[in-house]
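Biologist: I would like a close look at a single part of this model, namely the packing between helices. Could you take me through it in one connected answer, with the cut-offs behind each term?

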Amino acid sequence: MPRDYLSEFLPDLEEFREKTLKFHRKEMSVAEYKGFSGGFGSYAERGGETHMLRLRMAGGQITKERLQFIVGICDKYHVERLKLTTCQSIQLHHLRAEDLYDMMAAAWKAGMISRGGGGDFPRNVLASPLSGVQRDEYFDVLPYAQAAGDYMMGFIKAVKFPRKLKVGFSNSPANETHVTFRDLGFAATPEGTFDVYAAGGLGINPKLGVCVAKGIDPGKILYYIKAMVNTFTTYGNYENRARARTRYLQDTLGEKGLVKAYQEKLEEVSATEQLDVDIAVPVLSKTGPEAAVEDKRIIPQKQKGLYAVFYQPLGGSLTPAKAEELYHLIEDMEDVEIRLTPDEGLYVINCSAGEAERVLQRTADGADTLFETSTACIGNSVCQVGLRDSQALLRDCVEAVRKENFPDGVLPKIHISGCPSSCGTHQTAGIGLRGAVKQTPDGPKPAFAFFVGGCDRRGEEVLADTGKSIAIEDIPRFFVELGRMVSSENMVYADWIASNQERLDQLIQKYTA
């Protein structure tokens, strides 16, 4: 029987309300409040006058009921901004302190419990966004991600972690959820099993994960999660917060030592607990007539006559008005729902050909090229710890590049993080940017450091190398010049870079000199 987390967590909200009011009376410091409120999936924004609320939803699944709730809450409390995140969550921004308690309580009752959405807790569990409908997937991993997400919420009150614990599930080698370099990742295999990776992570001192098990029965996933929890709480660093992430276990234990420690914990859990899960993978009965539906944003599903439509609001910034438009668009479409991507976009899935065409038309305001699908964190205009404004930089770059009318693919998708925390996953990208400072003869200038050569595809994983910093005002010109260089050879960036790494390095050097 599913655990009743609502009844378990709802009484905690009174303490949240009291401390939020205390923070606004200046009786708590920013750091003290951040340490407390993060456990509720909420943070004060820059300046301390407004707040963010992060709704957790395993696998980024947004049913019509969830979307209706989000639209309604935005209307009731005059929410001005929504942000899709790289952890398949939705953040509500610029919220008033006096509204937070009621909004949070309503969201929890609607099935989107934000408890543990931040702070030193298990975070939202990720899953490949097209899981269950993707033609070339190994198998549907979403039900396993949801079972994992439900199980991990049980640790929020029961276990004191050194820091956060991020878990993901991937249904194919595309590895969109970065399972091979998360705290714990489950990578589906052609045989219908999972390979398990542990102690990876992005940010400062990033690391690829270590394979700790191969070919496991999907029904055994909770044993592997509990083993990771026990490994982390036993060997994790509780004294030095900067090193209190699972990836540092590779330093303290070594790769072989980590595998040994993990396997020991796994044996203990297997001998003492009953954690098997029996998941009935849902079967979609809806079908449609085959039709010639052709557009780069329309993806044929494995279900006959059904399609998914991709939509990427620039920088993952979804307006409440657009969310309402999407809801009214799909509310009468049978079995249609939304899946958030780990790159701040979304898919509208289970559409018939006619429905897909309608969704396509109504989402024409989104990204039109690969470059425009670039990822950017919320940035320092909102985030307290952000160093640079990632959203503003992406807008400026897109505006400059659009004037050039480059063919699609001439410029790659880039990933922008405002600070070293890597919320924009800049270390996974072919070109990533991270907020920085550039020293110049005229003094320090706001800048972004360039990271190049990253790849997240399973079996080809590479974390991008850090390069020099380019002043913010020069970055749009950099991408224009790069686009001209690639397009002059009638190539797309993915093909061009294979034999032109030196030319890219020279271009970066030109702007960092």
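**Helix packing**

Modeller: A helix here is a DSSP run of H or I with at least four residues, numbered from the N terminus. This is a predicted model, in which local features need pLDDT of at least 70, side-chain atom pairs count only at pLDDT 80 or more, and totals for chains, interfaces and linings use all residues. Residues are numbered from 1 along each chain as its sequence is written, and side-chain values use heavy atoms, with hydrogens and water left out.

H10 covers residues 320-330 and H11 residues 353-362, and the two pack at an angle of about 165° with their axes 11 Å apart; axes are lines fitted to C-alpha atoms over the stretch in contact, and angles run from 0 to 180 degrees between N-to-C directions. Their crossing is right-handed, that is, the near helix is turned clockwise from the far one by less than a right angle, anticlockwise being left-handed. Lys-322, Glu-325 and Leu-329 of H10 meet Arg-358, Val-359 and Arg-362 of H11, contact being heavy atoms within 4.5 Å. Sorted by class, that contact has two nonpolar, no polar and four charged residues, with Ala, Val, Leu, Ile, Met, Phe, Trp, Tyr, Cys and Pro taken as nonpolar, Asp, Glu, Lys and Arg as charged, and the others, Gly among them, as polar.

H2 (residues 13-24) takes part in two further pairs. With H5 (residues 97-109), the axes of H2 come within 9 Å and cross at roughly 160°, so H2 and H5 are roughly antiparallel, and H2 passes H5 in a right-handed crossing. On the H2 side, Leu-13, Glu-14, Phe-16, Arg-17, Thr-20 and His-24 meet Ala-97, Leu-100, Tyr-101, Met-104, Ala-105 and Trp-108 of H5, a contact with eight nonpolar, two polar and two charged residues.

With H3 (residues 30-37), the axis of H2 comes within 10 Å and the crossing angle is roughly 165°, so this pair too is roughly antiparallel, although the crossing of H2 and H3 is left-handed. Here Glu-15, Phe-16, Lys-19, Thr-20 and Phe-23 of H2 touch Val-30, Tyr-33, Phe-36 and Ser-37 of H3, and the classes come to five nonpolar, two polar and two charged residues.

Key: Parallel < 35°, antiparallel > 145°, perpendicular 65-115°, else oblique.
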